[in-house]
Amino acid sequence: MPLSRSLSMTSLSGVLPAWEEDELPVEDLLLFEVAWEVTNKVGGIYTVIQTKAKITVDEWGENYYMMGPYFEQNFKTQVEGCEPPNPAIRKAMDALIHNGCQVHFGRWLIEGSPYVILFDIGSAAWNLDRWKGDLWQTCSIGLPYHDREANDSLILGSLIAWFFKEVSWYKPNVIGHFHEWQAGAGLILSRSRKIPMATVFTTHATLLGRYLCAGNADFYNNLDKFNIDKEAGERQIYHRYCLERAAVHCAHVFTTVSQITAVEANHMLHRKPDVVTPNGLNVKKFSAMHEFQNLHSTSKIRIQEFVRGHFYGHLDFNLEKTLFFFIAGRYEFSNKGADIFLESLSRLNYLLRVRNDVTVVVFFIMPAKTNNFNVESLKGQAVRKQLWDTAHTVKEKFGKKLYDALLTGTIPDMNSILDRDDFTIMKRAIYATQRHSLPPVTTHNMLDDSTDPILSNVRRIGLFNSRNDRVKIIFHPEFLSSTSPLLPMDYEDFVRGCNLGVFPSYYEPWGYTPGECTVMGIPSVTTNLSGFGCFMEEHVSDPAAYGIYIVDRRFRSPEESCNQLTQFMFSFCQQSRRQRIIQRNRTERLSDLLDWRYLGRFYIHARHLALSRAFPEKFKMDPMAPLKTEGFRYPRPYSVPPSPSASLHSTPHHSDVEDDDDESYDEDEEAERDRLNIKAPFHTSLPTAVTCCSSTSTCAVY
């Protein structure tokens with residue numbers, strides 16, 4: 001079987017520490033990764049499996065397969081259909097197809113082009129009642145008829161278990177990696193039928209944890225006090241919870257994506273994870289110096305153009321002294337920290353009005369129910385375009401007259417070079433910019449304007465984009481797209497153009513949004529209740545120096561956390577442009593830490609551990625042995641520019657005032673100090689104790 005192993009964990013030019021475990025004989029193994037999000041974008045797990053595909057294909061080649069549900073539109077647009085190269089896969093598919101179940105095979109058109117096996121749930125729905133009976137007889141879990149998602153997950157799981165049984169006749173060494181409860185039925189049925197395979201189960205967030213936090217429960221203070229069965233039953237998700245818990249306990253290896261989720265899983269699911277497998281990204285380094293800084297400058301100009309139109313008639317603030325903050329993600333008002341963010345913005349507005357001349361424009365990118373763009377937002381962009389066209393028309397006439405005068409060897413009278421018509425055109429353009437209403441807070445017509453949480457809190461704190469407000473708010477209740485007539489930017493370009501991402505989440509098992517900011521060199525705010533925040537606290541001695549501001553929502557009261565967030569944002573506003581450039585360099589320097597080439601090794605360890613437990617006679621490994629890895633040693637980043645102060649022309653933009661200081665900046669000395677600031681060694685030990693206190697709203701999780 002040909003394998004396309006173009007990279008190994010030791011061939012990365014010394015960027016990553018050497019991997020110390022023995023490599024698995026992938027030629028004699030098949031790896032299957034099962035998730036509801038394979039080719040099906042419904043949540044953050046889609047990003048995990050999509051971005052991780054490249055390094056997994058590099059390791060496993062044609063012995064790696066992803067499995068999930070078949071959706072016709074997704075298959076047509078994302079998958080190139082082909083025949084399976086492995087005879088065992090072909091025979092297993094034929095066994096299902098000959099019994100009336102449709103199975104589709106192809107290459108997923110993403111980086112790495114992994115093979116995918118997709119099962120048509122609708123074609124096998126006639127077996128649902130029989131499979132429900134099998135599940136009840138196996139583990140006494142009953143599924144209600146009205147829960148379509150749970151029923152579909154059972155159909156998918158039954159098809160996958162059937163498929164694995166057929167594959168095991170031809171290929172004895174199989175690893176199955178299952179993500180989240182929707183794929184859990186396949187793991188449960190595979191183990192109950194004693195199919196010879198190694199199994200790994202990963203929970204990205206516990207099911208009950210999501211529901212409890214969405215209901216504003218004091219979650220982390222009461223982890224050891226919840227009556228789990230009662231809470232799940234009251235929310236009518238007891239059957240889903242049972243599927244999740246059964247999958248956790250059936251798996252040879254159980255993993256979570258962060259330390260904070262490991263603590264949660266230990267209480268919610270009653271099993272301590274064997275391995276923590278943090279989420280990574282495909283980090284692309286730039287060959288040219290200052291590349292990511294230039295991208296920031298270019299994208300920032302596009303955001304400034306949108307702001308010019310949105311605030312026409314009220315554009316009395318200096319865009320060169322305006323910072324762009326943003327929050328993005330699912331519209332979970334409390335879980336994502338939008339509540340504490342808005343309260344902090346109110347306090348920041350007061351501080352900036354009293355002590356600073358900086359203006360902050362804050363974007364809320366959270367999808368909500370709308371019926372279209374509002375007229376005022378579209379009008380603003382039309383007015384901006386009209387002013388641009390007017391200025392260019394006058395500029396061309398002015399330039400032609402100036403050119404003709406210079407050809408004759410005379411300097412024209414600047415007072416007469418523009419005629420009365422030119423002044424009339426410009427005055428009409430100025431009058432067109434006058435507006436009697438304030439710039440809108442939201443860019444769309446909201447269906448639930450009066451009850452919308454963000455808009456209700458904006459009314460409470462009184463941030464209506466008035467002239468004397470130094471914090472302006474723009475709520476864009478739709479995901480960004482380059483085809484939008486209002487803000488034509490993709491999310492990645494938008495992030496690059498902002499100055500700070502703010503994600504003060506209360507419940508965030510990992511947190512891809514601050515991770516994406518980091519690899520793009522954009523500072524961000526996170527919390528120590530998010531997986532990303534805990535990861536950075538463990539690995540970096542002073543995260544704030546690298547542009548990772550971590551709000552303490554674990555050991556402080558909400559009021560104290562709000563004040564801390566306000567102070568972080570106010571301190572950021574006080575930075576000079578030169579300081580922000582240096583901080584972006586440092587932030588981007590952390591990107592290697594989030595690369596799948598580094599974090600993918602923990603998935604390797606989980607698979608190795610699962611094989612040693614499933615087939616101890618073939619794959620020997622001490623099941624209690626800790627993960628062996630060295631501390632991360634930072635190389636000199638490819639895209640760190642020289643001193644912004646000493647080499648002004650090498651920076652994308654520089655301020656004539658702010659960059660005239662003589663503060664010394666030695667790049668080699670700065671890089672060495674950064675390398676020493678990284679914590680070592682790296683380890684995956686899990687929290688050993690949880691102490692919850694009932695007298696305060698904080699929780700100590702160790």
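Contact means heavy atoms within 4.5 Å. The model is predicted: local features need pLDDT of at least 70 and side-chain atom pairs count only at pLDDT 80 or more, while totals for chains, interfaces and linings use all residues. Side-chain values use heavy atoms, leaving out hydrogens and water, and residues are numbered from 1 along each chain as its sequence is written.

**View A. Surroundings of Q182.** Not counting residues up to four places away in sequence, Q182 touches W36, E149 and S153. Q182 sits in the loop between β6 (174-179) and α6 (184-192); helices (H or I, at least four residues) and strands (E, at least two) are DSSP runs, numbered from the N terminus. The side chains of Q182 and E149 make a polar contact (3.2 Å), that is, a pair of N or O atoms within 3.5 Å, where within protein one must be able to donate a hydrogen and the other to accept it, and residues adjacent in sequence count only if both atoms are side-chain atoms. Q182 is buried at 12% relative accessibility (buried is under 20% relative accessible area, exposed over 50%, partly exposed in between; 1.4 Å probe, protein chains only).

**View B. Salt bridge of E72 with K76.** The closest N and O atoms are 3.2 Å apart (salt bridge: a side-chain nitrogen of Lys or Arg within 4 Å of a carboxyl oxygen of Asp or Glu). E72 and K76 are about one helical turn apart because they lie four residues apart in helix α2 (residues 72-78). E72 is partly exposed at 46%, and K76 is exposed at 59%.

**View C. Salt bridge of D469 with R353.** The closest N and O atoms are 4.0 Å apart. The pair links distant parts of the chain, 116 residues apart. D469 is buried at 4%; R353 is partly exposed at 45%.
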